[in-house]
Amino acid sequence: MQDRMGKDVLMTLVVAGLLIWLLPQLVSTYTLTVLIIYGMLGFSLGLIWGFGGILCFGQAAFFGLGAYTYAIAAINIGESTLPMIIAILVPAIAALLLGAMMFYGRLTDVYLGVITLVVTLILFKFINSTAGPQYMIGTARLGGFNGIPGFQTLNVPGDPDAYIWGDAYFYVCAVIMVLVYLLVSALLRSSFGRIAVGIRENETRMSLMGYDVAARKTILFAIGAAIAGLAGALFANWGEIVTPGLFSLGQSAEIIIWCIVGGLGTRSGPILGAAGLAYLKFALGQQSLIDNTLITGLILVLFVLFLPKGLVPAISSLWKVSFARRSPSRVHQARRIRNRGRANG
Amino acid sequence: MSLDRRAFLGGTAAMTGAAMLPSFASAAETIKLGSILDTSGIFDAYGKPMDMAMRLAVDEVNASGGLLGKQVEVSGYDTQSDMALYSQYAQQLTRQDRVDVVHGGILSASREAIRQTMRKTKTLYFYNVLYEGGVCDRNIFINGVTPAQQVEALVPYAMKKAGKKVYVLAADYNYGQITARWIQKFVADNGGETVGLDFFPLDVSDFGSTIAKIQTAAPDLVIAPLVGGAHLSFFRQWAAAGMKDRIPLASTTLGVGNEQLVLTPEEGNGIMVAYNYSQQLDTPANAAFKASWLAAFGDNSNIHETAVSTYQGVKTWAKAVEMAGSLDRDSIIDALETGISIEGPGGKVTVDPKTHHAVLDVHLMEFEDQRMKVIETLPQRQPIDTQSVCDLAASPNDNTQYEIQI
Amino acid sequence: MDLSVVILVEMLYAVASLVLISAGLAVVFGMMKVINLAHGEFMMMGGYATITAVNLGVNVFVAMLVVAPITVGLIGLVVERLVIRHLYGRLVDTMLATWGLSLFFIGVATMIFGNTTTGISTPIPGFSIGSYQINGYNFFIIVVAIALVIGMLVILKSTRAGLIARGTMQRSDIAAALGYSPDRIYMATFFCGSALSGLAGAVLAPLVGLVPTSGGAYIAKAFITVIAGGPSLVAGLLSSAGLFGLVNQIFTFAISPVIGEVALLVSAVILLRLLPQGVTGKFFKGKL
């Protein structure tokens, strides 16, 4: 168990290191930065949906909340360290409250979807109607439809004049992404993570076994929101402006599509799905033959119909199949042993 | 839309320009003009004609021998009505394509998303859209009308025609808020009274209760700076309730996206507006412009004010480059700051050196049978709102968008 | 006095339009437990079908009440055969697939019609109540909504098709055992649901400026109304549309349209928290 964990961490570091070294030679770091940020956002939903079974229609709400919190705090404080922390805490607390309300009310699937959707809509409508001068938080105008431009961007902690931008910002985002990935991996490997998967598989069974399902779901939901908020704060730094579009249903839809395409129930799937599709969208902006919405829609429909598990699981099962052809008995045996190891903790 | 050879070449040039590696296009041979517009997504009704106008202006410049003996090449990007893509393509234009000038941006949010990038990379930037005013930045030149320029002309005219009691319905964002303030000011200055003021976010499309409220207030005139497709339903519901012949309407936004073509004559006739451009302007410059648009694209019914502003913006820039005799940003800014003018389809356009905004002709118009009939032309209106807060001659390092206090 | 009549009419209109925009979704959800997130785009296509037909010279009422529902119904039929049919019983997957469809249809409509706002003017003149003028078209929408509800009740209660439909709704396996193919019934249901969406889009088209993304404005409201209504088709639809319409208009008149919308959304959250199975999950149980 310990050994496999070490291998996993090493594997992650090697792959991430290679990507961070190779990719800037192919794509500009500025674009890569946003791909990483979207990857983190996809990852946040992939965690709560793929491993906790919570389908949140409003993950964009936490993303937007993180971005707005950062912008407002940065204007008021003028140094970026504390705003970054607040931008993670505010969405997490919001998710704790919302999650407690939903999960202790025993809301499931569709009803959960409606509530998260409605909350996103409320936030969007509220932010969208704050153009008037009376909407101020501290010295920050909320700005309504036009959003908030011109806030302090990321700086070296303690030194507000040493901005981190350009290539340096890319490496910061990449390192943060790797850290988040490792932390979540550790979380999933812990008993909390395995019980979360148990709840996803059968909620009644887990509650009969004595676990407080509602509390665990609420905490998982808040962790997802915190990651989405972090992604939002990084996005605010990257774009140097926040707009209500961050809260929109379209944004939420995109996150869900990323997860589906990448593959639910895997850690890397949503990240790759997000980065891949966001790059596709960026690349498609240079052609005007076919409407881009049409392509996004078609991709989603085709994936649900033909590849409902997503790319990463499909590819890895393909890998396993070709691997198994050589020595099927050994693989099965290995899997049995692994399962037993898991059951024993 | 039929494609002719010129549009096709323009299009393919832009696509290759975008797709090829940066090293392929050599910097010395051509002058590079970056364009960044929403030509798909919900704002493409504005963006598409602006893109066409930009390409038309560049083609005309190239046909007459280019600038400084070089051809102008367009690097165009479609931002798909997505604000995040503005940041991305702005980086692409300034750091990889290394263009000499950028024209573009539609919404104020999109302008603010790229303005700082342009400033940091010292890339001259032209924003060619009517907007809420107040931007004070030496690196940007703005070509559209600002609220005071329009409202100062529109309000006295509409009040003289309709009466002193005014009800204002405005879009709830920056532009609407500021315009509403200017309307209130000019209504008071002209001895009138604002009896009601309501703001609507851009997605509101049901105005039934508002129409009842307006009737309770019983104004003589309704001024409606409402924006976008959803808000268009106000004008339709207003006519459907039979209010159109009872209380006259005026607007500072209706018609910018050629909305007069969407409203039927029964719904639109008589609505008073004031802009820098109307297709019905009877000037030689406009006739020539419409003819060359027709020759280039086969149909000129989609020309609207922001397209004309874009065309005028490119032409102003071209004149300044010729005058400066180099592509150096500061020499071009110096040339622009001499207060040069061009004769555009919308009338004479002069650069205001103090604010980098434009001194423009404003035309009072009325909707008539899906056209904008020009009633009166007020020549060379100053951007008084921005002038009251911004003086780039005195403080050239200014970099703010002022909220103008009235 | 006049003002209160106007407010009353506006409230009825708000309820009626909620019933209209939710009916198609409610039929599909109630019968098939499928949430059609492309519902808004079906309405959008109904609107475009109407406008295209009117521009071709068809009478506006024929275009709204006949052409649009049939066109959109047929589109729905194709969608059901190609996509939805493969996903029965997988609630979340159908939601995602129909979400994809909604984006797809927005793209198609943009490529055909462009993003420029279009529309037709209302075919009914204004109407005066005392010193107030109100939109005569409001009454038309109220009448259509009432006719729709009565029609649904009559069909479900007193026709054979309605009986089969109710049976399938309660126990599709028993209905299948009795020889009624669920496949055929679902196909017919989806056709009806799509046609209702098309009708709603068509009837509302003269009131709003239509763009390919118009559907987005309806889907959230329809979705909330249907879910909050709960399992009973007609009773659920009426009770939640009535509640939300009322809340919306009270706050709209008292404060502003935005607050009206927000009040609607907040009341939906509270309602679902208190009655997680929707209104008819608790009250009016077993009603239609």
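Visitor: Which residues of chain B does the UniProt domain annotation cover?
Guide: This is a predicted model, by the way. The UniProt record, an unreviewed entry, puts "domain: Leucine-binding protein" on residues 30-368 of chain B.

Visitor: And how much helix and strand is in that stretch?
Guide: Residues 30-368 of chain B come out at 44% helix and 22% strand.

Visitor: What does the domain assignment of chain B give?
Guide: Domain 1 is made of 5-145 + 280-361 + 380-401, and domain 2 is 147-275. Taken over C-alpha atoms, the centres of these two domains of chain B are separated by 30 Å.

Visitor: How many residues are in contact between them?
Guide: In chain B, 17 residues of domain 1 are in contact with 14 residues of domain 2. On the domain 1 side, helix 2 (44-63), helix 11 (305-324) and helix 13 (384-387) of chain B each supply at least two residues. That side of domain 1 divides into 8 nonpolar, 5 polar and 4 charged residues.

Visitor: How do helix 7 of chain B and helix 1 of chain C pack?
Guide: Helix 7 (residues 208-217) of chain B packs on helix 1 (residues 2-32) of chain C at an angle of about 170°, and their axes are 10 Å apart. Because of that angle, helix 7 of chain B counts as roughly antiparallel to helix 1 of chain C.

Visitor: Which residues make the contact?
Guide: Helix 7 of chain B brings Gly208(B), Ser209(B), Ala212(B) and Thr216(B), while helix 1 of chain C brings Leu3(C), Val6(C), Glu10(C) and Tyr13(C). By class, the residues of this contact are 4 nonpolar, 3 polar and 1 charged.

Visitor: Last one: how many residues go into the contact of chain A with chain C?
Guide: There are 33 residues from chain A and 34 residues from chain C. Helix 5 (109-128), helix 10 (249-262) and helix 12 (292-306) of chain A each supply at least two residues of the chain A side. The largest share of that side, 12 residues, comes from helix 5 of chain A.

Terms used:
Residues are numbered from 1 along each chain as its sequence is written. Chains are lettered from A and ligands numbered from 1 in the order in which they are written. This is a predicted model: local features need pLDDT of at least 70, side-chain atom pairs count only at pLDDT 80 or more; totals for chains, interfaces and linings use all residues. Two residues are in contact if their C-beta atoms, placed from the backbone, lie within 7 Å. Helices (H or I, at least four residues) and strands (E, at least two) are DSSP runs, numbered from the N terminus. Axes are lines fitted to C-alpha atoms, for helices over the stretch in contact, and angles run from 0 to 180 degrees between N-to-C directions. Angles under 35 degrees count as roughly parallel, over 145 as roughly antiparallel, 65 to 115 as roughly perpendicular and the rest as oblique. Ala, Val, Leu, Ile, Met, Phe, Trp, Tyr, Cys and Pro count as nonpolar, Asp, Glu, Lys and Arg as charged, and the others, Gly among them, as polar. UniProt positions are given in the numbering used here, feature names are shortened, and annotations may be inferred rather than shown by experiment. Domain bounds come from an automatic or database domain assignment.
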